[in-house]
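Student: I should like to take a close look at a single part of this structure, namely the sheet and its surroundings. Could you please guide me through it with care?

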Amino acid sequence: MDIQFINRLRIDAKNPGSWSGIQAIEGKDFIQSVSPVDGRQIGSVSVTDKASYENLVGAAEHAASVWPQCSGTKTRRCRQADR
């Protein structure tokens with residue numbers, strides 16, 4: 001199987017399992033993705049643990065509370081303040 005399309009998708013051998021919008025979060029355990037055509041490994045994605053999940057939910061709740069204040073030229077400042 002030709003998996004060159006993976007390069008165009010920018011899928012790496014190991015990929016973070018969670019994304020906050022500004023930060024990738026990579027766990028220590030990984031799930032392997034294998035091609036059903038020939039059994040070759042396509043890549044892997046990390047498992048999000050409970051602590052990382054709770055942090056992501058907290059970040060999302062914070063972003064939802066701040067976002068209405070961010071419009072137009074303020075958006076960049078809001079993103080920087082959220083880091």
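Tutor: Helices, of at least four residues, and strands, of at least two, are runs assigned by DSSP and numbered from the N terminus. On that basis, the chain of this predicted model has three helices and five strands. Read from the N terminus, the elements follow the order α-β-β-β-β-β-α-α.

Let us turn to the sheet. Three strands form an open sheet in the order β1-β5-β4, and the pairing is mixed. The strands β1 (14-15) and β4 (30-34) are at the edges, and each has a single partner strand, so one side of each has no neighbour in the sheet. Between β4 and β5 (residues 41-46) the pairing is antiparallel, with five bridges.

Is serine 44 buried or exposed? Buried means under 20% relative accessible area, and serine 44 has 5%, so this residue is buried. Leaving aside residues up to four places away in sequence, serine 44 touches Asp12, Ala13, Lys14, Asn15, Phe30, Ile31, Gln32 and Ser33.

Two residues in that list, Lys14 and Phe30, also meet in another way. Lysine 14 lies over the face of phenylalanine 30, at 4.6 Å from the ring centre. Pairs between aromatic rings, by contrast, number zero in a search of the whole structure.

How far may the model be trusted here? Among the elements of the chain, β4 has the highest mean pLDDT, 93, whereas helix α3 (residues 74-81) has the lowest, 59. Where pLDDT is low, predicted coordinates should not be read in detail. Over the chain, the average pLDDT is 81, and 81% of the residues score at least 70.

Leucine 56 is part of helix α2 (residues 50-66). With a relative accessibility of 17%, leucine 56 also counts as buried. Apart from residues up to four places away in sequence, its contacts are Ser18, Trp19, Ser20, Ile25 and Thr48. Although leucine 56 and isoleucine 25 are 31 residues apart along the chain, their C-alpha atoms are separated by 9.1 Å.

Finally, consider the chain as a whole. Of its 83 residues, 18% count as buried. Among contacts between residues at least 6 apart in sequence, 41% join residues at least 24 apart.

Technical notes: Residues numbered from 1 in each chain as written. Predicted model: local features only at pLDDT ≥ 70, side-chain atom pairs only at ≥ 80, totals over all residues. Heavy atoms only, no water. Phe/Tyr/Trp six-rings, centres within 6.5 Å; stacked < 30°, edge-to-face > 60°. Lys NZ or Arg CZ within 6 Å of the ring centre and 35° of its normal. Pairing = 2+ DSSP bridges. Buried < 20%, exposed > 50% of the residue type's maximum accessible area, 1.4 Å probe, protein only. Contact = heavy atoms within 4.5 Å. pLDDT = per-residue confidence, 0-100.
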